[in-house]
Amino acid sequence: MSKLFPHLFSPAKLGSRTLRNRIVFGAHTANMAENGVPTERHVAYYAERALGGAGMIVVEPMPVHQAAVLTRGNFRPDDDSVILHFQQVTRAIKDHGAIAIQQLYHVGAHGDSDNSFHAHWSPSGLPSYHDSDGSHAMSEGEIWETIDSFVQAARRCREAGFDGVEVWAAYLGLVDQFWTPWTNRREDQWGGSLDNRTRISREILTRIRETCGLDFIIGLSVSDEPDYAVALSRQELAEIIRLHDEQGLIDYVTCGTGSYLDFYKIMPTFLYPEKLGTDLATTLKAAVKKALVVAESHIRTPENAETVLGEKAADLVSIVRGQIADPHLARKAAADRPEDVRGCISCNQMCWGRRSRDYWISCLINPSAGREFEWGGDRFTSAAIKKRVLVVGGGPAGLETARVAAERGHDVVLAEASSRLGGNFLLAGLQPRRGQILDLLGWYERQLSKTECRRTTEHLRRGLGNRLFPS
Ligand SMILES: Cc1cc2nc3c(=O)[nH]c(=O)nc-3n(C[C@H](O)[C@H](O)[C@H](O)COP(=O)(O)O)c2cc1C
Ligand code: SF4
C-alpha cells in the first residue's frame, strides 16, 4: 500500500470490473495502425503502459464510420476483419492487469476527406472552424446509419475482448455538435429541446447496452470550453450528463479541456496551468449519482493526481502524456518512488507534434515511446558483454545514452566540459515557465547517481586538448 498516494492506489469499482488503481491511460490517437489495423508497435506500446501499472487503458479511438476517418493511421471502420487484430491488443493489456476500453469517435464537421474519401456529415451542415472542408446536414437515414455504426463498432470491441467502450462526445465532435445549439439548428426530432439534442447519444448508448450487455463498460468523454460563449457551459454539460446518468446509460464520464475551437487546450502545453480538467470534473461529480468521474488534462504527475482525488474532485484520473513520457509512472508511484518518474515536460513536440503531421507518436524525452516492440520498452536487460563506454557531452542525448548504457551494466564514463549537465536543455530550462526541463535534468542526475556511471571533464581536456576547454 502506497503511503504517499493512498487515494491513487485504492481500487475502484467500475461497472462489472474492479480497477487495481485509479490511474487511467486516456484515449489518444497514437496513429500506429498500418492498413487500418493495429500493428506490433501498437500492441507493445499499450503492453508497456499496462506493465507500468495503469489501472485502465483507453485504446486509441476507432472512427465508427468512413465519414469519421481523420488520419492515415486511423483504424479501418465498418469492418469485422479488425477484430482478430484487436484481440492481440486487448490480450496484451489484460495480461498485464489493466482494464481495456476503446474510444469510439466521429468528428462530424471536422473530417478530413483527403484521408476519408468521404463527404463530411454534421447536424446542420456548418463549416468546421478548424479544417477547411465543409459538411452537409445529415439526413434522417444518415443519422440512423451513424447510430448503427457506433453500435456495430462497440460490438466489434466486445468480440475483440475489450471490457468496454468510451463514446466520444468531447471537443465539439459529432455528438457534441448535436448537443450544442450553436452547431445544431435542426427543427426535427434531433434538434431544439434538450431531449431532442441528446436523442442521438441516448440512442447510441441504449443500443450499445442492448447489444453488448450490462457487464460491458460504457464511458462518455466530454470537454470543458469556458472561453467560448457558443460552446456548452459547465452547467449545461452537467444537465446533459445528469440525464444520461439518471437513465443508467453510462458507467463513467471523462472530463477533458478545449475543443476544435481552441485545439491547444486539448493537450495543454507548459503555457497552461496544471490539473486543467478538474473544474469540469468537480461540476459533473455533483451532477451524477452512479457514474464515476474521470479528471483529465495536464494532471501530469502522481502528486497532482493524488491531490485531485484527495479533494474529491474526481473518482479516477487520466494521465496521458505523463505515461507516454514514463510508461512506468503508476508502478513507480505505487512503490512510493515518485522521484523516479520521468516527468513529461508539456512540450507536445513528439506526441502531438508527430500526430499533427500524421506520423505515429513518440516522445521528446522518452525515445522508446512507439519503439517498444523493437527496444523492449523503457526496461533494461543486462548486456551479455560488459563494455567500456565513453559518452562525450552531457546534453539530453548524452544523458539518455549514458543512462541506458549504465542501466545495462556497461562501464560508462560521461564526459561533459562544463560543470553542469544538460547542455542546451539547461538554457531552455531557464526560460519562464520551462522549469519542467530543469526537473528532467534533476531526474537524469538522480538516475545516473544510482548507477556506476562516472562523470568527468578530464577526458575531454586530455583527449581534445586544452585549446577547447581552457581551465
Ligand atoms: C497525440 C495525442 C493525440 C490525442 N488524441 C485524442 C483522441 O483521439 N481522442 C481524445 O479524446 N483525446 C485525444 N487526445 C487528448 C488526450 O486524451 C488528453 O485529453 C490530453 O492529452 C490532455 O491530457 P494529458 O495532459 O494527461 O496528456 C490526444 C492527445 C495527444 C497528446
Ligand atoms: S513529447 Fe513532450 S509533451 Fe509529449 S509526452 Fe513527451 S515530454 Fe510530454
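On a 1 Å grid over the protein atoms alone, a cavity is a set of points where a 1.4 Å probe fits but cannot get out. A molecule sits in a cavity if more than half of its atoms lie within 2 Å of its grid points.

Before you start: this is a predicted model, in which local features need pLDDT of at least 70, side-chain atom pairs count only at pLDDT 80 or more, and totals for chains, interfaces and linings use all residues. Residues are numbered from 1 along each chain as its sequence is written, chains are lettered from A and ligands numbered from 1 in the order in which they are written, and side-chain values use heavy atoms, with hydrogens and water left out.

**Stop 1: ligand 2**

Select ligand 2. The space that ligand 2 takes is the second largest cavity. Now show the residues around ligand 2, including Arg 321, Cys 344, Cys 347, Asn 348, Cys 351 and Cys 363. A residue is near a molecule if one of its heavy atoms lies within 4 Å of it. What does the shell around ligand 2 divide into? It holds 9 nonpolar, 2 polar and 1 charged. Here Ala, Val, Leu, Ile, Met, Phe, Trp, Tyr, Cys and Pro count as nonpolar, Asp, Glu, Lys and Arg as charged, and the others, Gly among them, as polar.

**Stop 2: Cys 212**

A search of the whole structure finds 0 disulfides (pairs of cysteine sulfur atoms within 2.5 Å). Select Cys 212 and Cys 157. Cys 212 is in no disulfide, and the nearest cysteine sulfur, that of Cys 157, is 7.9 Å away. Cys 212 is buried, at 4% relative accessible area. Buried means under 20%, exposed over 50%, partly exposed in between, with a 1.4 Å probe and protein chains only.

**Stop 3: aromatic rings**

Rings of Phe, Tyr and Trp (its six-membered ring) pair if their centres lie within 6.5 Å; planes under 30 degrees apart count as stacked, over 60 as edge-to-face and the rest as tilted. The count comes to 11 aromatic pairs. Select Phe 263 and Trp 352. This pair is tilted, at 5.3 Å centre to centre and 45° between the planes. Phe 263 lies in the loop between strand 10 (252-257) and helix 9 (278-287), and Trp 352 in helix 13 (residues 352-356), so the pair ties together parts 89 residues apart in sequence. Helices (H or I, at least four residues) and strands (E, at least two) are DSSP runs, numbered from the N terminus. Phe 263 and Trp 352 are both buried.

Last, select Phe 25, Tyr 45 and Tyr 46. Ring pairs link these residues into a cluster.

Notes: 1 Å grid on protein atoms, 1.4 Å probe; cavity = no way out; pocket = protein on both sides within 12 Å on 5 of 7 lines; lining within 4 Å.
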